[in-house]
Amino acid sequence: MKNNRNFVDVNVNPCKMCMPMGACLAFKGVEGSIVMMHGSQGCSTYIRRHMAQHYNEPIDIASSALNEKATVYGGEANLKRGLKNVIKLYKPKTIGVVTTCLAETIGEDIDRILKDFMVEEGISPDDLKLVAVPTPGYGGSQFEGYYLAVRKMVEKLVVPSEPTKKINIIAGIMSPGDIRELKLILERFGIDAVILPDVSETLDAPYRGLEFEKIPDGGTTYEEIKSMSGSIATIEFGIIGREDFSAGEYLKKEFGVPVYRIPIPIGLKNSDTFINLLSEITGKEIPEYYVKARGRMLDAMIDSHKYNGAGVAAVFGEPELVTAISSLCLENGITPAVIATGSNAKKIQDIFEEDIAKYCEDAVVLEDTDFETIREYVKKLGVNIMIGHSDGKFIEEKENVPLIRVGFPVHDRVGAQRQVTIGYDGSMNLLDIITNNLLSEKYSTFRDEMYEKYYNKVKAEVHA
Ligand code: SF4
């Protein structure tokens, strides 16, 4: 297994998005919250556009709209004016103040500015929470931005609490459909949980006619976040990221809440880990539904393994999703020949080292990579299926390799916000899609190939 053999010296079409994007995604899962981006307008436009296309929802993100003057003399006045407008227009309960390349480069002291703002405006912290997150675009990808934002929320909002018998779940960058599936799993178990962030309603709201909510209903409430210190444990979907970006590690350090950092439950192994952990932590029996669902998934794996053996996959996107999906591929006989992320994620190599050495020693694990490099490996390693977000569409078009769209962003298909890929049911759903794509590829060419062979054979006999 090789790591990061880049074909080009420059980064061409990076396989990542910028850090504040992740922070914006995280704040969308907090009740009554809005994001104020401290930077130039283009940053918020870029993020709004991607989110609106992916979720098909109106996405409001405010901007302090730094201009040349503010860049030279400091953007404090812009930020304060912007905050005042946002409070007046949206009446939020929480504002995530997310920085950008520009604000970080000029060295804005956001914590001091926000403190002064609250005093100057006479706002009580009981009425409004301001959570600052330092997210320069060059400080990492959307992956780091997401986990850091959740960590900052927890640092700022959690206070000592009485024991609650709940469990905390720190969700990864997951679709609203997956968060709903997660809630269903917890409900079937009879477990009370605080899910942070909870985008199940905020980024996939029901149709309401002409009624327009400036801040959509739903999201994790402040009361829930505040009491996370009293929970019996935290399960964090995140094994790749830094410890100091982990909300679960913070709750453990500050309040003694045990933390279990596990992969996103996609695939049999990862779903087992999650389901067994829920049972272990709470002492509750695994519901009959999931005993059967596991059996159904095993049955589905047996049904499709004979087709999946032909699969040579390129999996790319955000590191946690890539890790979970590559695991699903491996346990189903699909060779993950290219495992790629644009984020810094050396741990992925360690996770798959043994499996890949056993099953596909030519496979590459690429971190901090770009689509040009992924494309070269797709050609070189004979990849016949790609699993990742829509930015891989250019490889799909140029190399004629089908792309199964999973993750964020998906801007050239509908339904990404409803996708369910977690747990036994979601994994089975994803596996069926992968297998059916492989079958579709097989049947789209095999007749032509057969006739070609037959024609050539007959032609050779005639001329003999
Ligand atoms: S990379 Fe920097 S300048 Fe570009 S959108 Fe992200 S934060 Fe803004």
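How do the residues of the shell around the ligand divide into nonpolar, polar and charged? They split into five nonpolar, two polar and no charged. Here Ala, Val, Leu, Ile, Met, Phe, Trp, Tyr, Cys and Pro count as nonpolar, Asp, Glu, Lys and Arg as charged, and the others, Gly among them, as polar. Around the ligand sit Cys 18, Pro 20, Cys 43, Tyr 46, Thr 100, Cys 101 and Gly 137, where being near takes a heavy atom within 4 Å.

Bear in mind that this is a predicted model, where local features need pLDDT of at least 70, side-chain atom pairs count only at pLDDT 80 or more, and totals for chains, interfaces and linings use all residues. Numbering runs from 1 along each chain as its sequence is written, and side-chain values use heavy atoms, with hydrogens and water left out.

| Feature of H13 | Value |
|---|---|
| Residues 319-331 | 13 residues |
| First C-alpha to last | 18 Å |
| Expected at 1.5 Å a residue | 18 Å |

That expected span is 1.5 Å times one less than the number of residues. Since 12 of its 13 residues are buried, H13 is largely enclosed by the rest of the structure; buried means under 20% relative accessible area with a 1.4 Å probe, protein chains only. Among the buried ones are Pro 319, Glu 320 and Leu 321. Just after the helix, Gly 333 has a positive phi of about 80 degrees.

Terms used:
Helix = DSSP H or I, 4+ residues; strand = E, 2+ residues; numbered from the N terminus. Buried < 20%, exposed > 50% of the residue type's maximum accessible area, 1.4 Å probe, protein only.
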